[in-house]
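Okay, thanks for coming, everyone. Let me put the model up and we'll walk through it together.

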Amino acid sequence: MMMAGAGAVSLAAPLLAQGTALRIAFIPQENPEKLLGDIEAITGWLAAQIGVPVEGFVTIDHAAAVEALRNGDADISFMGALPFVLAESEIGAVPLLSEVYRGAPSYTGRIFVRRDSGIASLADLRGRDIAFADPISESGYLYPLAEFERAGLIDGPDGAGAFFGRIFFAGGYQQAMQAMAEGLVDAAGASQYADLLLTPDQQADVTWIAESEPIPSHLVIARPGLDADLQGRFVDAMMQLNEPENRDRLRYLYGPDGYVLADSSAYDGVREMARRYGLLR
Amino acid sequence: MIRDFATVLLATIAAVFVLAGPGAATPAREAPWLPEAAAYRLTLFLGNLEPVPWDEVATAWSEPYRGSEFTVGGLAWLGRESAVDTDRLEAAIAQQDRQAVFAEATRLIALRIEEELERAVTAQDPAAAQQAVRTGRELYRAFADGIAAADPEAARRIGIAWLELNSSTGFAGVLGAGATPSDTDTMMAARATISDYIAQNYLVEDFAPRQTLSTLPEIAALGDSNVEVPPALPPGSDIFDQDPLPLLVLNFEEQGIDETGLPLVAYGDMLFDSAQIFGGPARDLGIACSTCHNRSDVNQRLFIPGASHQPGAIDVDGAFFNPIFNDRRDDPIDIPSLRGLRFTGPYGRDGRFASLRDFTRNVIVNEFAGDEPTPFMLDALLAYMLEFDFLPNSMLTTDGRLTDAAPDAAWRGEVIFNTPFAGLGDRSCASCHIPDANFLDRQAYDIGSVTPAYAGARAGAMDTPTLLGTLYTAPYFHDGSLPTLGSVVDWFDETASLGLSEAERADLTAYLETVGAADAPYEAFDEENTAFRLAFSELTTFASTLDTLLPRRDAAHILLLTDTVAADLAADASTMANLAARPEIYALAERLVAVGAAVRDEDWAAAEESWSAFQSEARALEERAF
């Protein structure tokens with residue numbers, strides 16, 4: 001796999017000198033070993049398409065990926081919508097591509113409960129325990145929480161503590177959904193697709209009581225000042241993944257159904273949300 | 001490559017892991033296991049087999065489990081990630097000391113949880129703390145089913161402690177935005193909740209002797225309650241259907257006869273998909289006839305550690321499914337296709353059952369620990385299975401001759417196939433695989449494919465298998481020892497000294513591949529014919545037998561049907577493309593549950609009413625073509 005012009009991959013610092021190659025930051029959730037295999041497969045293909053070496057490396061989280069874009073260790077990164085608007089504001093990161101799932105470059109967050117819980121509305125969750133994914137997750141915290149605000153039950157995230165019994169950040173959709181399904185908490189705030197993480201039997205036992213407005217999907221972003229020609233060739237290559245003969249490669253890239261060119265204005269809602277929550281100045 | 005949002009969608013295409021579900025024949029995909037947790041679960045599973053396959057226990061720790069995302073096994077992983085000592089575990093495995101292996105492996109996982117908890121509370125930054133919590137929780141999962149079974153209150157307390165721990169690590173945010181500080185007091189308290197329980201129940205110096213190795217906490221093992229952990233398949237198991245799914249060819253269906261007009265066949269079709277007719281772990285794990293025989297054919301991916309030596313093979317008389325039927329011989333067989341079943345008797349790889357009815361009863365009662373089936377159940381199963389036809393093949397006439405569509409090499413190969421050889425006792429391949437008898441002769445021969453189990457054994461005769469459809473049922477021979485039809489040709493050429501040239505072997509292989517081919521071997525799914533639609537149509541067909549059973553007031557067979565179909569329908573909803581329609585499917589499943597509940601109460605009017613509601617709602621759903 002490590003042939004000339006093919007992809008290179010590492011868990012630590014980038015290998016290649018700036019300017020001679022395209023360096024892509026990936027963010028793991030679970031097993032970095034599996035990630036390395038996927039990165040090797042996709043960077044090899046990208047290198048052949050673009051005509052320059054492509055190096056992929058794994059960062060510990062979104063913050064580290066943004067840091068890598070800032071200091072030039074990475075040219076490109078995969079990124080959630082909220083970290084993107086923060087990175088855009090702080091370092092001028094450029095949106096290139098948005099992921100498409102089930103036909104749309106957006107998804108929603110939902111509040112899930114057990115069907116036998118008797119909980120039918122957001123108001124029923126007063127004084128009850130809820131699990132979210134992570135405090136900087138769009139669909140796993142901010143957008144679902146905003147539904148409580150819209151329902152007039154809380155005023156902003158600071159009011160959440162007074163409304164709910166206990167609020168947990170479970171560490172991910174899966175953990176939040178499991179906590180709800182197992183009865184450890186009364187509700188979970190997570191992506192609209194998060195119930196697919198439960199077993200088929202658990203899926204039959206849960207339902208959702210509120211859905212957020214559409215959340216623009218995760219993106220691929222670039223550092224400011226990346227060579228325009230190189231950036232263009234990268235985007236062209238990524239758009240090739242939408243072609244039927246390349247679609248199987250999408251599984252190496254977080255498994256979207258495809259990519260569209262990013263529309264920066266589609267992220268205005270996220271910017272507004274980030275400002276409202278005091279994350280964006 | 002995994003991240004929150006993508007994880008959700010990846011879940012539907014993830015590598016295969018199997019989770020126990022309560023009897024539904026739709027297995028759940030399970031999150032990957034950490035290497036040492038996988039090795040532990042495998043050790044307990046294998047350690048309960050009689051005799052214990054000690055080489056597999058050792059391999060469970062030295063190699064990555066089947067389908068693992070990790071490239072290394074548990075021991076190497078621990079060498080890299082942990083300071084926990086593995087010497088005592090390795091010594092116990094080498095000594096083949098079952099209780100010591102249980103004790104050392106259990107303590108090892110407990111120590112690993114402790115190690116990660118310590119990392120979490122001493123981490124310098126939130127990301128590292130969360131990573132440690134995540135790892136610790138994944139390790140705790142190795143014990144979780146035992147704690148949930150024996151001590152639900154503790155399971156809940158610890159579950160909340162993990163949430164508290166993760167929530168109190170603090171969060172780094174992005175570029176400082178959204179950062180929250182850690183809450184050390186909460187972290188320490190949550191850690192203590194988990195650690196105390198682990199110390200008392202899994203870090204025990206001298207474990208009580210275990211009859212059955214399980215994840216039950218020590219307090220449950222010491223007590224006199226008979227708590228049992230629900231059966232689970234170990235990491236590396238795969239009971240998902242084969243992909244691509246074999247095409248089912250039913251004689252009546254090809255003639256345009258609707259299955260709903262054949263209630264006995266439809267009921268048999270339901271039983272073929274029902275784990276409820278089995279007992280023991282098969283029933284709890286949702287294993288049915290169709291788990292191994294997908295759409296009347298084979299399941300090339302099926303694998304259960306300790307029972308399968310390779311994918312597509314299983315030892316059905318081992319220790320796992322029905323201990324009383326354990327023959328104590330490690331003799332898994334390659335799953336045979338049931339296509340053309342009415343022409344392929346006698347039954348069993350060695351043809352030991354002349355009667356399909358006797359064979360079927362043996363599968364249910366002895367192999368899979370089910371209750372004695374009623375005569376009606378056996379009649380129904382046979383009525384259904386006798387409809388299994390061979391796959392249409394336009395390169396072959398019905399009396400087994402090649403057609404013009406067959407390639408030239410196959411024509412040349414046919415000549416060799418019909419040529420007598422001295423090494424075959426002056427017989428030809430066609431002497432046993434008789435072309436105008438569906439390429440079999442209903443006899444058993446010892447062709448030397450079975451290694452004698454003892455000196456002088458005369459136990460190697462195997463039933464002549466048909467060659468029809470075999471292009472899609474690799475590997476070959478009773479034990480699946482030959483991977484391709486070409487290797488089968490080579491095997492005969494060598495063992496029977498046929499003296500074939502390379503070109504002749506290629507021609508003979510081409511002939512076998514032509515005879516074994518089919519015009520359409522697999523179910524063709526598209527946007528119209530989805531996997532869910534197929535399942536929905538099947539399940540509503542099964543339910544149609546209520547038209548026959550309700551007027552007969554046949555409570556026992558109605559309950560078997562409603563229990564099977566309601567659970568499967570709800571579980572299959574998770575495979576729908578139209579996720580928004582899932583609640584309607586759940587509601588439909590509840591109609592069947594209501595039929596069952598009414599029958600249990602002997603309220604036949606209510607049962608009829610729920611059945612009518614089911615029918616009209618199912619029709620409405622069908623018309624909307626999801």
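So, to start: what share of the 281 residues of chain A count as buried? It comes out at 56%. Keep in mind as we go that this is a predicted model.

Let's stay with chain A for a bit. You can pick out nine helices and 14 strands in it. If you look along the principal axes, the C-alpha atoms fill a box of roughly 60 × 40 × 30 Å. How does the radius of gyration fit with a compact globule? For 281 residues such a globule would have a value near 19 Å, and chain A has 20 Å, so the two agree. The contacts are worth a word too: of those between residues at least 6 apart in sequence, 76% join residues at least 24 apart.

Now, zoom in on helix H4 of chain A, residues 138-150. This one is mostly covered, with 11 of its 13 residues buried. Among those buried residues are A:Tyr141, A:Leu142, A:Tyr143 and A:Phe148, and A:Glu138 and A:Glu147 are buried as well. Just after this helix, A:Gly152 takes a positive phi of about 75°.

On to the nonpolar cores. As a general point, nonpolar side chains in soluble globular proteins tend to be buried together. Here, the largest nonpolar core has 227 residues. Which residues have the most contacts inside it? They are A:Ala131, A:Ala176, A:Met177, A:Met180 and A:Ala188. And the element that gives the most to this core is on chain B: helix H6, residues 98-122, with 10 residues. There's also a second, separate core of 24 residues, which includes B:Leu248, B:Cys429, B:Phe439 and B:Ala517.

Leaving aside neighbours within four places in sequence, A:Ala176 touches quite a list, including A:Ala131, A:Phe132, A:Gly140, A:Ala170 and A:Ala188.

A:Gly278 sits in the segment after helix H9 (268-276) of chain A. Between A:Gly278 and A:Ala170 there are 108 residues along the chain, and their C-alpha atoms are separated by 22 Å. Is A:Gly278 buried or exposed? It counts as exposed, because it has 12 C-beta neighbours inside 10 Å, and the cut-off for exposed is 12 or fewer.

On the H2 side, B:Pro35, B:Glu36, B:Ala38 and B:Ala39 do the meeting, and on the H4 side their partners are B:Gly74, B:Trp77 and B:Leu78.

Follow H4 of chain B onward and you get to B:Thr86, in the loop between H4 (74-81) and helix H5 (87-94). Apart from its close sequence neighbours, within four places, B:Thr86 is in contact with B:Leu75, B:Leu78 and B:Leu108. B:Leu75 is 11 residues away in sequence and 7.3 Å away in space, C-alpha to C-alpha. With 18 C-beta neighbours inside 10 Å, B:Thr86 counts as partly exposed.

Last stop, some backbone details in the loops of chain B. Where are the cis peptide bonds I want to show you? One runs from B:Glu50 to B:Pro51, with omega near -5°, and B:Pro51 is in the loop between helix H2 (35-47) and helix H3 (54-62). Another runs from B:Gly345 to B:Pro346, again with omega near -5°, and B:Pro346 is in the loop between strand E4 (333-334) and helix H15 (356-367).

Then there are two positive phi values in residues other than glycine. B:Arg328 has phi near 55° and lies in the loop between strand E3 (313-314) and E4. B:Asp426 has phi near 60° and lies in the loop between helix H17 (408-417) and helix H18 (429-432). B:Arg328 counts as exposed because it has 11 C-beta neighbours inside 10 Å, and B:Asp426, with 9, counts as exposed too.

Notes:
Residues are numbered from 1 along each chain as its sequence is written. Chains are lettered from A and ligands numbered from 1 in the order in which they are written. This is a predicted model: local features need pLDDT of at least 70, side-chain atom pairs count only at pLDDT 80 or more; totals for chains, interfaces and linings use all residues. Helices (H or I, at least four residues) and strands (E, at least two) are DSSP runs, numbered from the N terminus. A residue is buried if 20 or more other C-beta atoms lie within 10 Å of its own, exposed if 12 or fewer, and partly exposed in between; C-beta atoms are placed from the backbone. Two residues are in contact if their C-beta atoms, placed from the backbone, lie within 7 Å. The radius of gyration is taken over C-alpha atoms; the globule rule is 2.2 Å times the number of residues to the power 0.38. A nonpolar core is a set of buried Ala, Val, Leu, Ile, Met, Phe, Trp, Tyr and Cys residues joined through C-beta atoms within 7 Å.
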